[in-house]
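Hi,

I am passing on a structure that you have not worked with before. Have a look at it first, and then read on for what I found.

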Amino acid sequence: MNNKYQATIGLEMHCEMKSNAKVFSHAKNAFSNLANSNISAIDLAFPGILPTLNKECVKKALEMSIILNCKQPKYIYFDRKNYYYPDLPKGYQITQMHEPVGVDGFLEYDVNGEVHKALIHDIHLEEDSASLDHYSDYSLINYNRAGVPLLELVTEPCFHNADEAIAFLEEVKRIYEYTDISEADSKKGQIRCDVNVSISEDDTLGTKVEIKNVNSFGNVYEAINYEIKRQIDLKEAGRYQEVEQETRRFDEETGTTIRMRSKVDAIDYKYFVEPNIPKYKVTDELIKEIKARIPTLPKERKAKYLNEYHLSLYDTNIIIKNKDYADYFEECLALKLPPKTVANWLTGVIISYLNKEIITLKEFYLTPKLLKQIIDKVEDKTISIKQAKEIFLKSLEERKEPITYINSDNKQISDKEYLLNIIMTILANNEAQVAAYHAGKTNLFDFFVGQVMKETKGKANPVLTKEILQEKL
Amino acid sequence: MDSEIIKLHEMLIKKEITSQELIKESLAKSHEVQEKCNAFVTILDDALAPEVTDDYLSGIPFGIKDNYATKGILSTGSSNTLKNYVPFFDATAVCNLKNHGAVAVNKTALDEFGMGGTGTTCHTGAVKNPWDQKRMAGGSSAGSATAVALGVYPYALGSDTGDSIRKPAAFCGIVGYKPTYGMISRYGLFPFASSMDTCGVLTRTVKDAAIVVDAMKGKDAKDLTSWDSKNINLYKSLDGQVKGKKLFYIKELVDMANYQNASDELIKHLKNFQEVIKKCQEIGLIVEEVSLDLTLLKAIPSVYVCLSCAEATSNMSNLTGIIFGPRGEGKTPEEIIMNHRTKGFSPLIKRRFVIGSYVLQKENQERYFLNAARLRRIIVDKIKELFKTYDGLILPVSTGVAPYLDGSKDELVKDDTAPLEEHLQIANFGGFPSITIPSGHIFSLPVGVNITGNCYDDANVLNIAYALEKSLGFKNLKQGGKHE
């Protein structure tokens, strides 16, 4: 990027919430491959229908508002955003314009170990529209998504490059996952972002361009970088007037942004208060109840892992990136397993096994309780690390508890007399190597260890073996 | 079918008549009335007699305004945009009546989606006044009012956003009752202006109105604005004891001096009101004159137009012809939607949509829509303040009798009689219970008087109307002037 210019970026992040029912109807809120299976008369806006209100969604929205350090309103109420579109059955979207669940907040997030502070303009609760599938000469409407609860988070223009924007989005995504407010899975279309980008040479902000409906963080990253470059190139070419207040979209295939419409043509949404949902009082008790249920958030967990458990930053980042990992890790600690050992297992063999098998930690056979069977035996030196890894794989392969492989067969040999006998026999049978060792070929030490292991099928206690060998050689 | 509900119920219980006979009579009358007054969208010739139980309403026929969703039965809102629409669910109010054993025999015509006061804008044509077929029935519950006045059945459902139950009731010489907002669930009622829409009933006696609303009302999980009225039994509350209850009327609306060039009709109408006041006093009611700011009163129609049109344009945005209703022609969704709406709505409704959109536009919203909302609040606060002293507000309905059909236009704002014509909208602004009863005749045509009380005070309002009805002597008034 040309250093002459500073880019300024604002984000709008739409995230589908997790809930049993939709936000304004009793239809199921769930991803379904069967079109129009999770719908009700309300979602289809048949004449005479009225909205209900899913209070759990309101509570979750308030929870997010609290986490984002926002101010909460005295009353929850909703507004109608009026416009015609085939994916909007009522002809209006129920949203929050006058009193969002949260305003004027902030969130601290890390960019490569450096703490940044993002300013939150507002976060509001609204309903999603239906989805459209376009074909060559017709389109189909799927109403499953109509009425699904959405949280829209709007930041101030407070980011200056794509790395900052992505780091922020990832932090928010983690919070959604950790609080169970959303699965925040962009593969299921649960996250969509609008990105506002401008460039300037001084403190005056340049012309703002909006890129709408970017559906993954990867694409947000590319869209920002493309748009910054596009604007700078135009400016450098003396054609900055061509940067217009407009709405563009990101084209995945070419990695570019494409003009949709000018902001001058913006629709007047004719907002007014939704009359069918009475005001819902946000009491101090309600806020207290919601605060009490906020779980330990990723950032707090991170601090704890670093400062209390003394994990490396690398391991910590891997573990907190995924709530399942962090939950697994903490479950292990609850079983009194040593943090560093668990972290090694998790970030090493476990995650690589998950990646290889393409499964999630939830589908992983070795629960913390089963993992404990292995780790405990390593800790008390019954088995070696090498053996432990073998047992780990065998247990996963055969779906049998690790302890079944430890009891008899794999038990480490720590009987000194027994080992001494074996070692004396080996030394007697390999006189030439013993002589060479004494002549200075000390690297032959490993040869002797290998022979002991071969004789004991790998079960000899390696520390004890080395001790005896050193003494006898 | 000329009788009151209790009488019909007794006859059914004593087996002097069967429900099937009542239905047959009601259907025969429906066809007569259709011929004469064009009151219905659908006549349910295959209506079946339900079991007669202890319930007052069981086995007795009734009519449903065609803006209530009825399962498996055409429900048009009297609009071409829904001319083929058959809902798959019942409105809660209809469902409640069915549970009481009531049997629907027809769907009645209305001004398209309830947006009119004349009964002339139905997609099936104008409804004619039962007393004089050259005159209008009043709207929007035109078919319901006409059918009840002609004795098709003892009651029909109406809906009231500005005066849509209470004005046609007056023009047809019957009782029209709009309960407190939210007393009856609106689920399944096609919306006009959600913050003012109220389900209600048209009957020939106050007692019948009480019985029917007792059966229709109740908190409904499907309507968040509905409220629990378990403790209210309107019928049992009718004891006629009104001595010492206080009513007020608004001086500016009924003072002859305020109407220069007053027509003979208006003079007679206001005189009728003075007689009503005397009757009130005879039965021990205290009636006082209260003076209100005429500017505020004159604002009522404009406030109503701004707010109701704004809500209506949004509420009816679901009528696109994509999910239900006749599909419009066109290559793009926009064309399909536009053609459906252009073809389907009558010019009056389109005019209201334009007004609604205009007052909601960003640059106009503060000046029109939000100022109207503020004025609504000021008017309601003023009336509520008076309800601390008074049990109710009593005023004449409209400026006289039902107007002639030809030459009538549904003008949105009229001349200096506008506040008198439109004051019933106050009850919709505040969600107040409000009832119209017949109060006499001018030129052999009925006129009515209205009583409006404070929210949740329905029992008190109905009891006052009940006592006054008795005193006035127009109970169970039917076309032709014969009454009990």
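Helices α9(B) and α12(B) are oblique to each other, a label for angles that are not under 35 degrees (roughly parallel), over 145 (roughly antiparallel) or 65 to 115 (roughly perpendicular). Their axes come within 9 Å and cross at roughly 125°; axes are lines fitted to C-alpha atoms, for helices over the stretch in contact, and angles run from 0 to 180 degrees between N-to-C directions. Helix α12 of chain B covers residues 362-387. Helices here are DSSP runs of H or I with at least four residues, strands are runs of E with at least two, and both are numbered from the N terminus. The crossing of α9(B) with α12(B) is left-handed, meaning that the near helix is turned anticlockwise from the far one by less than a right angle (clockwise would be right-handed).

Among the residues that meet there are Leu296(B), Val303(B) and Glu311(B) from α9(B), and Tyr368(B), Phe369(B) and Arg376(B) from α12(B). By class, this contact has 14 nonpolar, no polar and 2 charged residues (Ala, Val, Leu, Ile, Met, Phe, Trp, Tyr, Cys and Pro count as nonpolar, Asp, Glu, Lys and Arg as charged, and the others, Gly among them, as polar).

Before you go further, please note that this is a predicted model, in which local features need pLDDT of at least 70 and side-chain atom pairs count only at pLDDT 80 or more, while totals for chains, interfaces and linings use all residues. Residues are numbered from 1 along each chain as its sequence is written, chains are lettered from A and ligands numbered from 1 in the order in which they are written, and side-chain values use heavy atoms, with hydrogens and water left out.

Now to chain A, where an open sheet of 3 strands has the order β4-β3-β14, with antiparallel pairing (two strands pair if DSSP finds at least two bridges between them). β4 (92-95) and β14 (272-273) of chain A are the edge strands, each with a single partner, so one side of each has no neighbour in the sheet. What packs on this sheet? Helix α9 (residues 294-315) of chain B does, touching β3, β4 and β14 of chain A, where contact means heavy atoms within 4.5 Å. Strand β3 (residues 79-82) of chain A is joined to β4(A) by 4 bridges, and Asp79(A) has Thr95(A) as its bridge partner.

How much area do the two chains bury between them? The figure is about 2,700 Å², 65% of it on carbon and sulfur atoms; buried area is the accessible area (1.4 Å probe) that two parts lose on being put together, summed over both. In the contact, 40 residues of chain B face 31 residues of chain A. Leu224(B), Ser314(B) and Ile323(B) supply 22% of the area that chain B buries against chain A, more than any other three residues.

Elsewhere in chain A, strands β5 (residues 102-111) and β6 (residues 114-127) run antiparallel, joined by 9 bridges. Their hairpin has 2 residues between the strands, and Asn112(A) takes a positive phi near 50° there. β6(A) is also joined to β9 (residues 149-155) of chain A, by 7 bridges.

Ser140(B) sits in the loop between β3 (103-108) and α4 (142-149) of chain B.

Best wishes
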